[in-house]
Amino acid sequence: MIRKVASVVLVMMLVFGSYANIQAEAQTASPSTATITVSGVPTGTNSLAVEVTVDSSVLTLSSASSDVSGSLAVTGAEGVGIVSTSGDLPASFTVTVNLGGVAAGTSMVTVGMVLDMIGGTEIAGASASSDVSSVTVSGSGSTSSTSSTSSSSTSGVPGNLDNDTLTVTITGDAVNTANALNVTIAFGDSSIAQLASANPTFMGTGATQLLTAADSATGVLTAVWDGTVTDNAVTLTAMLAAGAMAGTTSIGVAKVEAAGGVDITGSVVAQVSPESVTNGAAVAGDCGSFALLAPTSVTGPGEAAVGFSVSNAGSGLSGTLNGSMVDFSGDGAGVAIVDLPSSGDLDLSLSVSCVGASDTIALGSIMVNAGDGGKAPTVRRATAKNKSAKTTLTVFGKKLKGASFDIVPTDKTATAEKVGGKRIKATFDPAECIPDGSFVNVSTPSGTDAKAIKVMGACSN
């Protein structure tokens, strides 16, 4: 019975496959995929390899996938390998191989024996065949194909993540007895970020990576390894892809499965780093890129100033946030005062226009905490005086007793403050001076109110 693929061979396959793909993108293969049918697989086989020969100066086997549930397939210079992570391989199955062009020309595709490993021993009774026998590679961008192919597209405008690498550490006794894991990654909002399709890397003391995969559609990271983990811990490092929505999303582990689909979530400790990422989604039409800055949470009801960063802004930029006019400053920020609900998530919709373009994007959301039912504060006027020795902020209103305040879009730290029922007075060091275009949010346990700050005196912040 065939139990395992030799680790050294599969690692070599991964290395060979990586180098083989370097020059492939400039050329087009027709057909671009080949379907290999494997049959006669004996009971007890959970891994095997199929010899596939091509002219490597013309064509590469760039990647592979299988119709076997819970399996991983990998291509190498000598063929295709497949490992099942959920039991034995079926007696018959298919492997779809993506073909990459290296240089213009024609290559034959020849399928050989079914082996226990690349370059290994033939599996008696097993055989393989391909629906493609010849592939033509051209340097043009359009070709016709004689076999069925599939394509996918994404909509929306992807943004920029502040961190595109995810590290997942799984710790527990169950790791030492496993040789494969499926780890389901959960995103608070998958429209902001999700797993990229790039294969993750695996690390475990005493173990060697065989195969890894990332499924961006399901959020599942898979790793298969050879050897025994000796310190109860494995680490997977994966890539993140930006979605079309701006904002911040949490990241966590929803489920951990060992080989065979055994749920071991409750038996291990799963940690992710980072625990959240922020996407500054780009707006179509060259109007710029925008990302929520502050606040992340407020007390409702009432009004709050919401600030966001602006980069690569188009000329003549204007906009509204949840229907309120945005004040765009010259230092790469925008602020608008928006109405708050009594509680719950407040979704932020930013509509912008510039010369020749306009668009509406989801800027993210802020948490509105329920007030105590009392009268919310009222801010009538706010002024800031910047001097060489200090900055003084004065806020006038009512119901201000016990209030806290924040400067938006960039918060400042006061050296002293005095809060009364009708006035707040705070002083700041010169390094914390308040620039023109700033707003103040004043909050009490009963709600929040906001006002633009009238700024006097220069400030370089």
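Buried means under 20% relative accessible area, exposed means over 50%, and partly exposed is in between, using a 1.4 Å probe and protein chains only.

A word on the model. It is predicted, so local features need pLDDT of at least 70 and side-chain atom pairs count only at pLDDT 80 or more, while totals for chains, interfaces and linings use all residues. Residues are numbered from 1 along each chain as its sequence is written, and side-chain values use heavy atoms, with hydrogens and water left out.

Now the overall picture. The chain has 461 residues, and 44% of them count as buried. Its secondary structure comes to two helices and 41 strands. These are DSSP runs numbered from the N terminus: helices are H or I with at least four residues, strands are E with at least two. The accessible surface is about 20900 Å², and 49% of that belongs to carbon and sulfur atoms. That area comes from the Shrake-Rupley method with a 1.4 Å probe; for residues, only the protein chains shown count as cover.

What about contacts along the chain? Take those between residues at least 6 apart in sequence: 72% join residues at least 24 apart. Contact here means heavy atoms within 4.5 Å.

On to the disulfides. How many are there? The count comes to two. The rule is a pair of cysteine sulfur atoms within 2.5 Å.

One joins Cys287 to Cys354, with S to S at 2.2 Å. The angle about the S-S bond is -90°, and this link is left-handed. Cys287 sits in the loop between β24 (282-283) and β25 (288-294), and Cys354 sits in strand β32 (residues 344-354), so the pair ties together parts that are 67 residues apart in sequence. Cys354 is buried too, at 11% relative accessibility.

The other disulfide is Cys433 with Cys459, sulfurs 2.0 Å apart. Its S-S torsion is about 80°, so this one is right-handed. Cys433 lies in the loop between β38 (423-428) and β39 (439-444), while Cys459 lies in the segment after β41 (454-456), 26 residues away. Buried or exposed? Cys433 is buried, at 6%. Cys459 counts as partly exposed, at 22%. Number the bonded cysteines in sequence order, and the pairing reads 1-2, 3-4.

Stay with that second pair for a moment. Asn386 belongs to strand β34 (residues 378-386). At 10% relative accessibility, Asn386 is buried. Which residues does Asn386 contact, beyond its neighbours within four places in sequence? Both Cys433 and Cys459 are among them, as are Thr391, Val455 and Met456. The Asn386 side chain also has a polar atom 2.8 Å from the backbone oxygen of Ile434. And the side chain reaches the backbone oxygen of Gly457 at 3.4 Å.

Next, a sheet. It is open, has five strands, and runs in the order β26-β33-β32-β28-β29 with mixed pairing. The edges are β26 (297-300) and β29 (324-325), each pairing on one side only. Two strands pair if DSSP finds at least two bridges between them. Between β26 and strand β33 (residues 357-370) there are four bridges, and the two run parallel. Thr299 stands opposite Asn369 in β33. Recall that β32 carries Cys354.

Now the cores. A nonpolar core is a set of buried Ala, Val, Leu, Ile, Met, Phe, Trp, Tyr and Cys residues joined through side-chain atoms within 4.5 Å. The largest has 31 residues; Ile170, Val183, Ile185, Leu221 and Trp225 touch the most other members. Elements giving two or more residues to this core include β13 (165-171), α2 (173-176), β14 (180-187) and β20 (247-258). Leaving out residues up to four places away in sequence, Trp225 touches, among others, Val175, Leu181, Phe202, Leu210 and Val234. Apart from this core lies another, of 28 residues, including Leu48, Val58, Val114 and Val132.

Last stop, a loop. Ala217 lies between β17 (207-215) and β18 (220-227). At 73% relative accessibility, Ala217 is exposed. Where is Gln194 relative to Ala217? The two are 23 residues apart in sequence and 8.5 Å apart in space, C-alpha to C-alpha.

That's the tour.

How values were computed: Polar contact = N/O pair within 3.5 Å; in protein donor to acceptor, adjacent residues only side chain to side chain.
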